[in-house]
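Thanks for making time, everyone.

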2 protein chains.
Amino acid sequence: MAEYAADLQRQGVTLGLVPTMGYLHEGHLSLVRLLEGRCDLKAASIFVNPIQFGQDEDLGRYPRDEERDLELLAEAGCGLVFCPDAADMYPSGFRTSVEVDTLSQPMCGRFRPGHFSGVATVVLKLFNLTRCSVAAFGLKDYQQAQILRRMVEDLNLPVELLFGETIREQDGLALSTRNAYLSPRERETAQAVPKALEWARRRASEDIRDCTELSRGISSILTSRPEVRVQYVELVDPESLEPRNQVGERVLVAVAAFVGTTRLIDNLIVGPGSTMKPIHGVNV
Amino acid sequence: MAEYAADLQRQGVTLGLVPTMGYLHEGHLSLVRLLEGRCDLKAASIFVNPIQFGQDEDLGRYPRDEERDLELLAEAGCGLVFCPDAADMYPSGFRTSVEVDTLSQPMCGRFRPGHFSGVATVVLKLFNLTRCSVAAFGLKDYQQAQILRRMVEDLNLPVELLFGETIREQDGLALSTRNAYLSPRERETAQAVPKALEWARRRASEDIRDCTELSRGISSILTSRPEVRVQYVELVDPESLEPRNQVGERVLVAVAAFVGTTRLIDNLIVGPGSTMKPIHGVNV
């Protein structure tokens, strides 16, 4: 990959990258389309990155289907797919890590220590290996997006970042590879997540300014289903990710919840008079 | 710098970089010459990097002479010198750091917490800003060299590293910008540092295999001068920097000592039957 990227660079061919962990869905493919017109060669990587998983997490059972992924990426216009081995990415003696302070601490950072350092490190490696000039990430992983934006700026990386809107199922559930873990019954229950966010969006634009009240409302919608266990509901500044007490201009509402044993995350930016669209398909 | 580097890259012009903190001496200039034939454009940076200094260290009084530095670099064949401001390198909100585990822990790492993270972070930024394809560093900063080598490999940076031998004064003292802090009397006393290393080199090649015995001998040569305070004497594996008990193939002898208030470091690789040259100008 490194040699091929060096060749491309010498030829003046620019590469755009969508880093993924495979088992692709429409969210990933929308990111490939986002690269259209922004680079000469659209590329994706498929790599289930071990260093971003905690010890008790789902690294071992993370779903894989490389053959189907390669077909989908070819259809979406990818001219190159990079699928490294973990042993090549992290050979014995590997000991370097990238930390993005502060932004890694709230939300998922509180429950997944080391996760964002693992993400930042692998993304930096992928950028260096592919020498991409543009890369696309999804806003469903909102905290990740902000951390990578900061990393690119702080380290003066010559890479432009694009961010794609969350793609949702008909009933509003955000697309995620981990949705594959859900039983049919859990899948229905999972609707509570976009429902809670859509409730917050509507009430924040209508009558509720107090973040604690919004947070309490979200939690009660989620926990009205006994199979749901809330990990966090946070209302934060969309840039700094610092907690907000009142819905001012714009507030990020971020949620992590277990449905059965499956951990789902989702988020929405809300605010009074904001032009945020309702989540399509959700009736509150 | 970033825009100029992008232009150079588009034109297929390769850049070689010598990162420095200025107040240059022959050691730096020898690194510029090391780039000869390895790139199209020889470049240096001058930046006294605040994040690699501890709170009680000499950031405020670190010597500067940009005008003389620029002359010396031009004479040495540098076609470009990058002199950024600290406020541009670390704007408000900066929060990313690079850590190279294990290698940062022994030797200087024990006494300068955060130092090597500061070095790795700024070097990565300079690599990204200049898009250099080759960079040169001095082996007087041996631990730094090993850490940067590891970082480049671990992060898949498209940069070749070159390392220059330590350049010494007539009496064996390693060149260092910090030598400028020494009074004439301290300058003479500082000879004890290369003298102790040269003693270790000779005895390790002749009769002493035990690292504790070598370490004790080095310390006693250093402390025979009352103005010298030893910070560490370490005998370690030259790759892993892990402590060694016996002089096997090759052992790195690394020393840090204060002469008055000036901290000096130096090192030498020793070993039985090794072809290591004596330090020129030192009589033990």
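Let's begin with strand E5 of chain A and strand E6 of chain A, residues 160–164: they run parallel, and five bridges join them. Do keep in mind that we're looking at a predicted model.

Strand E1 of chain A, residues 15–20, runs parallel to E5(A), with two bridges joining them. Here the pair to look for is Leu17(A) and its bridge partner in E5(A), Ala135(A).

So is E5(A) enclosed or open to the outside? Strand E5 spans residues 134–138, and four of those five residues are buried, which means that the strand is largely enclosed by the rest of the structure. For anyone wondering about the cut-off, buried here means 20 or more other C-beta atoms within 10 Å of the residue's own.

Let's hop over to chain B for a moment. There, five strands form an open sheet with parallel pairing, in the order E3-E2-E1-E5-E6. At the edges sit strand E3, residues 80–82, and strand E6, residues 160–164, each pairing on one side only. From one strand to the next, the twist averages 25°. Within that sheet, E1(B), residues 15–20, and E5(B), residues 134–138, pair in the parallel sense over two bridges. Leu17(B) has Ala135(B) as its bridge partner in E5(B).

Last topic: where the two chains meet. The contact takes 26 residues from chain A and 26 residues from chain B. Which elements of chain A supply at least two residues each to the side that touches chain B? They are helix H1 (2–10), strand E4 (96–100), helix H6 (115–130) and our friend H7. E4(A) gives the most, with five residues. By type, that side of chain A divides into twelve nonpolar, six polar and eight charged residues.

And E4(A) has a strand partner across the contact: five bridges join E4(A) to strand E4 of chain B, residues 96–100, and these two run antiparallel. To spot the pairing, look for Ser97(A), which stands opposite Glu99(B) in E4(B).

That's my tour, and I'm happy to take questions.

How values were computed: Residues are numbered from 1 along each chain as its sequence is written. Chains are lettered from A and ligands numbered from 1 in the order in which they are written. This is a predicted model: local features need pLDDT of at least 70, side-chain atom pairs count only at pLDDT 80 or more; totals for chains, interfaces and linings use all residues. A residue is buried if 20 or more other C-beta atoms lie within 10 Å of its own, exposed if 12 or fewer, and partly exposed in between; C-beta atoms are placed from the backbone. Helices (H or I, at least four residues) and strands (E, at least two) are DSSP runs, numbered from the N terminus. Two strands pair if DSSP finds at least two bridges between them. Two residues are in contact if their C-beta atoms, placed from the backbone, lie within 7 Å. Ala, Val, Leu, Ile, Met, Phe, Trp, Tyr, Cys and Pro count as nonpolar, Asp, Glu, Lys and Arg as charged, and the others, Gly among them, as polar. Axes are lines fitted to C-alpha atoms, for helices over the stretch in contact, and angles run from 0 to 180 degrees between N-to-C directions.
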